[in-house]
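Have the structure open and follow along.

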Amino acid sequence: NTNAGKRLASITENYQRDSVRQEASYQEQRAKIIREGGSDVRRIEEDHQERLRKLTLEHRERLEDLTASRDALGLAKEARSFNQAQAEEARGTREEIAKRREDLAVRLQEIDREHQADRAQRLAQFQQALQESEAQRKEELKQAAIAHAEELKQIREQKATQLRELTETL
């Protein structure tokens, strides 16, 4: 019976230790994915700012040339073109950031599913180990009962033999 208690304690301890380790690993994976996603978004934003800086420099150069040539129509077209380029750049950046965030969400969903599946598998294994332990405990109790019954039978037989011997000697 103490063996069964020790087995049960060991099974439970192993399950809890594995669960804590798996949960920590899962949280680390999530944090890493989120950090990487944040780094990607920062890089996209930095690239966006650099492209805007270049657009602005090119725009200023064109404005200087158009101003020097006193081309009012060209200035208006340049202003419109620059505004469109900025808007297109901003749209492209927003789309790229949205795509990265979507990818991030998909990756997080994937590891969430994996984590849930691992958790369910660990729980099923734990329950199976508990059932096996209980079956083993019952078998041990059955064997102990059989051994005890056999021991009692031998004691009775010894007593009967001793009683016969005692009666025969009297």
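## Arg100 and its partner

Let's start at Arg100, which counts as partly exposed because its relative accessibility is 27% (buried means under 20% relative accessible area, exposed over 50%, and partly exposed in between, with a 1.4 Å probe and protein chains only). Its salt-bridge partner is Glu96, and the closest N and O atoms of the two are 3.9 Å apart. For the record, a salt bridge here is a side-chain nitrogen of Lys or Arg within 4 Å of a carboxyl oxygen of Asp or Glu.

Arg100 and Glu96 sit four residues apart in helix α2, so about one helical turn separates them. Helices are DSSP runs (H or I, at least four residues), numbered from the N terminus. An α-helix has 3.6 residues a turn, so residues three or four places apart point the same way. Glu96 is partly exposed too, with a relative accessible area of 28%. Elsewhere, salt bridges with shared partners tie Lys32, Glu36 and Arg107 into one network.

## What kind of model this is

This is a predicted model, where local features need pLDDT of at least 70 and side-chain atom pairs count only at pLDDT 80 or more, while totals for chains, interfaces and linings use all residues. Residues are numbered from 1 along each chain as its sequence is written, and side-chain values use heavy atoms, with hydrogens and water left out.

How many salt bridges does the structure hold? The count is 16. One of them joins the side chains of Arg17 and Glu13, at 3.6 Å from N to O. These two are four residues apart in helix α1, which means about one helical turn lies between them. Arg17 has a relative accessible area of 41%, so it goes down as partly exposed.

Glu78 and Arg62 make another salt bridge through their side chains, this time at 2.8 Å from N to O. Is Glu78 buried or exposed? It is buried, because its relative accessibility is 8%. Arg62, at 34% relative accessibility, is partly exposed.

Helix α1 covers residues 2-68. Its 67 residues should span 99 Å at 1.5 Å a residue, and the end C-alpha atoms are 98 Å apart, so the two values agree (the expected span is 1.5 Å times one less than the number of residues).

Just after α1 comes Arg70, with a positive phi of about 55°. Arg70 is not a glycine, yet takes that positive value. As background, most residues other than glycine have a negative phi. Arg70 is found in the loop between α1 and α2, the latter being residues 72-169. Its relative accessibility is 76%, so Arg70 counts as exposed.

## Contacts across the sequence

In helix α1 you'll find Asp40, partly exposed with a relative accessible area of 28%. Asp40 and Arg101 are 61 residues apart along the chain, with 9.3 Å between their C-alpha atoms.

Over in helix α2 there's His115, which is buried because its relative accessible area is 5%. The C-alpha atoms of His115 and Ser25 are 9.6 Å apart in space, while the two residues are 90 apart in sequence. Glu58 and Phe82 give one more pair: 24 residues apart in sequence, and 9.3 Å apart C-alpha to C-alpha.

## Surface patches

Which residues form the negative surface patch? They are Glu58, Glu61, Glu64 and Asp65. Patches are built from residues with over 30% relative accessible area and no salt bridge, joining like charges within 9 Å and nonpolar side chains (Val, Leu, Ile, Met, Phe, Trp, Tyr) within 5 Å. Asp and Glu count as negative, Lys and Arg as positive, and His and the chain ends are not counted. Glu58 lies in helix α1 and is partly exposed, with a relative accessible area of 39%.

There's also a nonpolar patch of about 380 Å², made by Leu163, Leu166 and Leu170. The areas come from the Shrake-Rupley method with a 1.4 Å probe, and for residues only the protein chains shown count as cover. Leu163 is in helix α2 and counts as exposed at 56% relative accessibility.

Key
The place of a charge is taken as NZ of Lys, CZ of Arg, CG of Asp or CD of Glu.
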